Structure formats: structure tokens, C-alpha cells
Amino acid sequence: MSQINKTTMSNWRWIMCAMLFFATTVNYMDRQVLSLTWKDFISPEFHWTDEIYGNITATFSIFYAVANLFAGKFVDWMGTKKGYLWAIVIWSLGAVLHAFCGMFTEGWMGGDYTSKAALIGATGDAVFAIATISMYAFLFCRCILALGEAGNFPAAIKVTAEYFPKKDRAFATAIFNSGASVGALAAPATIPLLAKAMGWEMAFIIIGALGFIWAGIWIFVYEKPNKSSHVNAAELNYINQDDADHNAAAPVETEEKKEKHMSFLQAFSYRQTWSFAFGKFMTDGVWWFFLFWAPAYFSDQYGYTSDSSMGIALIFTLYAIVTVLSMFGGYLPKLFVEKKGMNPYQGRMLAMLIFAFFPMLALFAQPMGQYSAWWPAIIIGLVGAGHQAWSANIFSTTGDMFPKSAVATITGIGSMAGGVGSFLINKGSGQLFTFAEGQGAAFQFMGFEGKPAAYMIVFCICAVAYLIGWVVMKALVPKYKPIVLE
């Protein structure tokens, strides 16, 4: 094949990045439907407390964690195309099934409780029964959602490792990972209005259906770079610049076939695995806490429901800040590598240290909220931007240190650890908020009392999580040391 000038390089890798972006956007919109509807639409119907909602989000988190342990291995075994397809079809099905939880609860209760009005007007023991039955119905749907969603990031990181050289991976990851922010940004502008106009059930159905559309497109657009008719020789050489022999497609294909796979037991024998997993454990829960609880926070503390114009504006502003600022998260290590001559791991760790200081701003969210609800919205937005920038880089460390055949497996292990961290913070928060609300003025912390004091406690935990995570990661892997499978 004749050498193609660099100026004529195809750019199919960015089409792949766009597909990952849209998948992640849909992923987070599906995840957000419940958090944006439970307080103002679902809770009155099923008589939920903060603790019940905390149980649901915590169960989702722990099931997501366990599923991640196998999702990465599943994607490595099944292959990127089929693995990603299975993931989004399963989570989209789970998202749609939420819409039938009310019907299930009515059918189970029977008797005088076969309508939404009857459920809302229930009293006495029926309240407890309705809350419990509906909780388990939602738990079932959340577990299906978690099972599918567990495949998103292992598959997306694997695609990034396949289509981008190491120096570009954090930037590409930052772009597709911003889909989480865009999904969280689009959700408050659409989901509460859908729920208000058409019922909360239709919000789950409409948002869930988006995943099936993506799956139909994915079937036709994805192939590995060396097999894709959309990737020319110049782009393939650029993608494979980290390999010793990257001047032609055929040697790359041969090498891929010979590449060895890593077992679970072997994966846990490396410090690099534990470093990635601990970083995810300490920080994923922070993002998920704000994702799941921010709408309820503004409703509880300031009286702005998720479908009110002010409630929508606050959440929209929060995630607009996350979306715009987090894009720089992937560019910063690229700058360190190209301008400062650092290796990718050095540049990434320095960038992550900088981003680890952003969550410290969470310490000011509750105090500043005494003046205006806009202050916590802005501050939480900055914290979220720091997380997304951190997330883009910590995901990319797997591609820096592990062979492509093991990237999804390691990503799955780390995401499992992140899910465990999320379980702890969501379960603990739900119990803490319910307890603090019951105690009222008797529960105090740093000048706050009742539920505001409980929020302040969680904000303090979120503030220091990233610095602790970074210190332990650096201690486990002080220098760049890639894994080579013998």
C-alpha cells in the first residue's frame, strides 16, 4: 500500500469517540431519571423516605460494582463490538422496565389499591406495604440497569485504547466522559418536564428508548481499526505509533492475535491494579452522591422542586459548569507530555493532583448556601468538573500501564471498587439524612443542625476523598511501569 501523506489522514477515530460520547450521555440520562423524579413524583405515590431511596441507590451501586468485576472480562472475551452492544441493550431494557413498577405495586396490593390515587391516599399499615413493595420493584429494575451499565466504561476505555495512541487517550476519554456531564445536563431540562406532562412512567420509557437507537447505529459503524474500511494507512500508523512495528496494518493484526490475556488472579497481583482500584473506590462515590442527591438537596434545603423553573435552572447550571470545565481535564496531561517532555503516566498523575484540590471547595457549599442556593450549585459544579477531569485521567492510566487485551478487565475491577465506594456513601447518606431529620435541632455539626448538618458531614467526606486517593495511588505506583505479559 502506498504511503499516504499525513494531511490526508482519515479521522474515523473521532467518529468512534463521538459514539462513545453519545453512549455515555444516554447512560447517565438513564441513571438520572430516578433521581429527578423520586422526590416530587414517585415518593408521594409510594410513600418513600430518604432511607428507602438511599437503599435503592446503594443497591444499584453494589450490584453495579459486582457486575463491573465481570463486565470488563466479558467485554475482553466477547469483543468490543458485541460486548458494547449487549451492555446498552440490557441497560436500556432495565431503564424502560422502571415504568411498570407502579403497575406491579398496584397488582400486588390489589383490593382498594389498584390506582395511583388510591396508593397516594393510603394510610396505616398500607403505607409501609406500598413503600416496601414498590422499593423491591424498583430494586429489580435498577439491578438490570446496573448489569448493563457496568459494561459502558470497560467497553469505552477498550475502544479508546484501540483507536488512540497513549498521548491522546486522556483527551479522547475526557471528550467521551463529558457525555456523563452532558447527560446530567440534559436530564434536568427534559426529564422533570416529561414527568410533569406525561407522567414519570413515560420519562423512563422515552429516555430508555434512546439506547436502542444507539445500538442500531453501533452495529454498522464499529470495526477494529485494522479492519475498518474507514481507517486509512496514515490514520492506522498514527493509532499504532506506540507499537514497535506500526508501519503496516498486517503486522499489527498478527500481533493482536498473539496478544495474551490476563486472568483475574493475575490482574490482582499487580500494584497497578490496586492503585487504579483504590483511586476509583475513593472518588466514584463522590460523583454518584451528587448525581443521585443534588435534586433532592435543592428540594429539601431550598424548596425548589425538580420540575420548578428554579430547580431546573440550578441543576442545569451545576452540570453546565461540569461540562465546560471538565473538557480541559484530558488536555492538561497532553500538554505536560508534549511541552514538558513527561511520560504519559507522569503527566497524568500531575494533572490528577491538580484536579484533586477542586473537591475541597465542597467545604464551602453548605455555608455559602445560607446566602443563596446558587452558591452550592456553582460550587458543586466545580467539584463535579474536578471529578470528571480526574476521571478522564484515572481511566487512561489503565491504557498506560496494561496491554490492550487486559484494559477492559482492569477497568472493570476498578469500576467495581468505585461501585463499592458509591454503595457506602449512598447507603450511609440515606440513613444519615433520615436520622438527622428525625433528630432535628438535637443533631448538630459545624454550626448546622438537622438535615443540613448531615449534608455538611457528607460534603466534608467528599472534599478530602481525592487527595487521599492520589496519595495512595502514588505510593503504590511511584513511577511509570507498564505491564508486559510473558
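The legends below describe an overall view and several close-up views of one predicted model.

**Figure 1. Overall view of the predicted protein.** The secondary structure comprises 20 helices and two strands; helices (H or I, at least four residues) and strands (E, at least two) are DSSP runs, numbered from the N terminus. The C-alpha trace spans about 75 × 45 × 40 Å along its principal axes. For 486 residues, a compact globule would have a radius of gyration near 23 Å, and the protein agrees with this at 23 Å; the radius is taken over C-alpha atoms, and the globule rule is 2.2 Å times the number of residues to the power 0.38. Of the 486 residues, 59% are buried (under 20% relative accessible area, with a 1.4 Å probe and protein chains only). Among contacts (heavy atoms within 4.5 Å) between residues at least 6 apart in sequence, 83% join residues at least 24 apart.

Residues are numbered from 1 along each chain as its sequence is written, and side-chain values use heavy atoms, with hydrogens and water left out. Local features need pLDDT of at least 70 and side-chain atom pairs count only at pLDDT 80 or more, whereas totals for chains, interfaces and linings use all residues.

**Figure 2. Packing of helix 8 against helix 14.** The axes of helix 8 (residues 166-198) and helix 14 (residues 309-326) come within 9 Å and cross at roughly 170°; axes are lines fitted to C-alpha atoms over the stretch in contact, and angles run from 0 to 180 degrees between N-to-C directions. The two helices are therefore roughly antiparallel (angles over 145 degrees). Residues of helix 8 in the contact include Ala174, Leu185 and Leu193, and those of helix 14 include Ile312, Phe316 and Tyr319. By class, this contact has 13 nonpolar, four polar and no charged residues. Ala, Val, Leu, Ile, Met, Phe, Trp, Tyr, Cys and Pro count as nonpolar, Asp, Glu, Lys and Arg as charged, and the others, Gly among them, as polar.

**Figure 3. The largest nonpolar core.** This core has 146 residues, and those with the most contacts inside it are Trp48, Phe138 and Phe289. Such a core is a set of buried Ala, Val, Leu, Ile, Met, Phe, Trp, Tyr and Cys residues joined through side-chain atoms within 4.5 Å. Helix 1 (residues 12-46) gives the most to the core, with 17 residues.

**Figure 4. Surroundings of alanine 156.** Alanine 156 lies in helix 7 (residues 152-163) and counts as buried because its relative accessibility is 0%. Leaving aside neighbours within four places in sequence, alanine 156 is in contact with Leu20, Tyr84 and Phe176.

How values were computed. Parallel < 35°, antiparallel > 145°, perpendicular 65-115°, else oblique. Buried < 20%, exposed > 50% of the residue type's maximum accessible area, 1.4 Å probe, protein only.
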